[in-house]
Amino acid sequence: MKLELSRVIQGGSRLGVLRGLGRTGQHSLEVPGCLLYTHFGTVPHLTQDTLHTLSSLPSVTQVTLSNIAEHQEVLEEFKGGFRKFAGLHDTVLYCSLHDPATPCPTGYTTNKTVSVWGSGGRIELTVAKFMALQRTVQPDWYQSMADGETWQKNTSRKRVRKSVDRTLAHLDECLLVHQKSQELDGVEVFGVVEGGDILEERVRSARETAKRPVAGFCLDGLQTGSMDQTLRTQLITAVTKELPEDKPRLLQGVGRPDEVLAGVEAGVDLFESFFPFQVTERGCALCFSFDISPDPERAVLELDKERDAAGEMQQNGDLNLDDQTQMTSFEINLRDKRYQDDFRPLVEGCGCYCCKNHQRAYLHHLLVTNELLAGVLLMIHNTAHYHGFFGALREALANDKLDLLKRKVLRE
């Protein structure tokens, strides 16, 4: 895995390509970018055929141990690795600890174990069990075991320090087992940076993790709702200064467009794309604007669309941006009665299957009658829209238009 940066913009934003991904090294991923979010290898609501009607999908699929751990025995019996088991073909497999869309209960971490939560409840993982799972899953890269329970407000300094110490100890143990495991030959490890909301601990965690032979870094405990945006940006900026330039940084648990933009400006390269799934589960559609094209005709159309969207999203009322389950200002709620006779597509000019074939009124009908097709069509649109946003973000960085993109997205 090799990060080739084409631009580093003053202040921290990085544009480039992550090359040499996968066992054979033939895959690459543009940064800033996001991973493909899945439940047990499948994008929620979508079959593989439906998923691949979308263009520009990321080359990296994220799976989580919280979904996989309870199926360890079956996978061990199968012997072919998770990619083959789930019918995933031409993709790079990244295995993380927790599902970013599902908050984990806290208070179950010990010096020797961390817990993940599957459909059958809590599963306790020692380093030995964690590494046995990695050998069974056979990912291309995985997140090291970590104590990430310090994201809650008012966590004591002592507890935060302990979390950093434990995470470093887990990383050392994982690396030791990794180096002795033939099955993990050619697999990369990402070290985890912890430290809660305490700057000194964040910097210490970053410095120490950077001394280990890891391929990249997961910035943990900074998820939506854990702290305000200003503090998060300060901490990320301080952390990225301590990390080597040539290794990727993945920010966990952050997916909202405004938070993604702030993360990129602070030096983050990769994000998890769970946000479209959360929006879909609410019966909502992403409709924020990110078109920064100079075409004057399109610009006029865009202005009209933005006015419409801004008006609709304004009607969402005061939104609680600290709660991951609450609706955000980047989406419209299609369960709302005002859409029952709205015959426009979700987003004018969107090229996804849903927008080309269906109207808001039809989606409203599907939602109020609890039809399964509602989730399918919304997930198609939300996934396409979100990945389109990342494409626009890279274009903006390449053409010095990040400020323009921010104004579009944040409607400033």
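This is a predicted model: local features need pLDDT of at least 70, side-chain atom pairs count only at pLDDT 80 or more; totals for chains, interfaces and linings use all residues.
Figure 1. Ser-56 sits in the loop that runs between α1 (48-51) and β5 (60-64). The backbone of this residue shows a phi near 55 degrees, which is a positive value in a residue other than glycine.

Figure 2. Asp-400 belongs to the loop between α14 and α15 (402-410), and its phi is positive, at about 55 degrees, although Asp-400 is not a glycine. With a relative accessibility of 59%, Asp-400 counts as exposed.

Figure 3. The peptide bond from Val-31 to Pro-32 is cis, and its omega is near 0 degrees. Pro-32 itself is placed in the loop between β3 (27-31) and β4.

**Figure 4. Helix α8, its length, its cap and its buried residues.** Helix α8 comprises 14 residues (residues 229-242), which at 1.5 Å a residue should span 20 Å, and the distance of 20 Å between its end C-alpha atoms agrees with that expectation. The N-terminal end of α8 is capped by Asp-228, of which a side-chain oxygen lies 3.0 Å from the backbone nitrogen of Thr-230. Within the helix, the buried residues are Arg-232, Leu-235, Ile-236, Ala-238, Val-239 and Thr-240. An α-helix has 3.6 residues a turn, so residues three or four places apart point the same way. The elements against which the buried residues of α8 pack are the strands β10 (188-193), β11 (216-219) and β12 (249-251), together with the helices α7 (199-210) and α9 (257-265).

**Figure 5. Thr-240, one of the buried residues of α8.** Thr-240 lies in helix α8 and counts as buried, because its relative accessibility is 9%. Apart from neighbours within four places in sequence, the residues in contact with Thr-240 are Arg-249, Ala-266 and Gly-267.

**Figure 6. Ala-86, a partly exposed loop residue.** Ala-86 is found in the loop between α4 (82-85) and β6 (92-96). Its relative accessibility of 25% makes Ala-86 count as partly exposed, a class that lies between the limits of under 20% for buried and over 50% for exposed.

**Figure 7. Glu-259, a buried residue of helix α9.** Glu-259 has its place in helix α9 and is buried, with 4% relative accessible area. Not counting residues up to four places away in sequence, Glu-259 touches Thr-224, Gln-229, Arg-232 and Val-254. Among these, Arg-232 is also one of the buried residues of α8.

Figure 8. A search of the whole structure finds two cavities of 30 Å³ or more, and the second largest cavity has a volume of about 40 Å³. Rolling a probe the size of a water molecule over the atoms shows where empty space is left. The residues that line the second largest cavity are Leu-36, Tyr-37, Val-43, Ser-273, Pro-276, Met-379, Thr-383 and His-387. At least two lining residues come from each of β4 (33-37) and α14 (372-398), and α14, with three residues, gives the largest share. Sorted by class, the lining consists of five nonpolar and three polar residues, with no charged residues.

Technical notes:
Residues are numbered from 1 along each chain as its sequence is written. Side-chain values use heavy atoms; hydrogens and water are left out. Helices (H or I, at least four residues) and strands (E, at least two) are DSSP runs, numbered from the N terminus. The expected span of a helix is 1.5 Å times one less than its number of residues. Buried means under 20% relative accessible area, exposed over 50%, partly exposed in between (1.4 Å probe, protein chains only). Contact means heavy atoms within 4.5 Å. A polar contact is a pair of N or O atoms within 3.5 Å; within protein, one must be able to donate a hydrogen and the other to accept it, and residues adjacent in sequence count only if both atoms are side-chain atoms. On a 1 Å grid over the protein atoms alone, a cavity is a set of points where a 1.4 Å probe fits but cannot get out, and a pocket is an open set with protein on both sides within 12 Å along at least five of seven lines; lining residues have an atom within 4 Å of a point. Grid points are joined across faces, edges and corners, and a volume is the space filled by probe spheres set on the points. Ala, Val, Leu, Ile, Met, Phe, Trp, Tyr, Cys and Pro count as nonpolar, Asp, Glu, Lys and Arg as charged, and the others, Gly among them, as polar.
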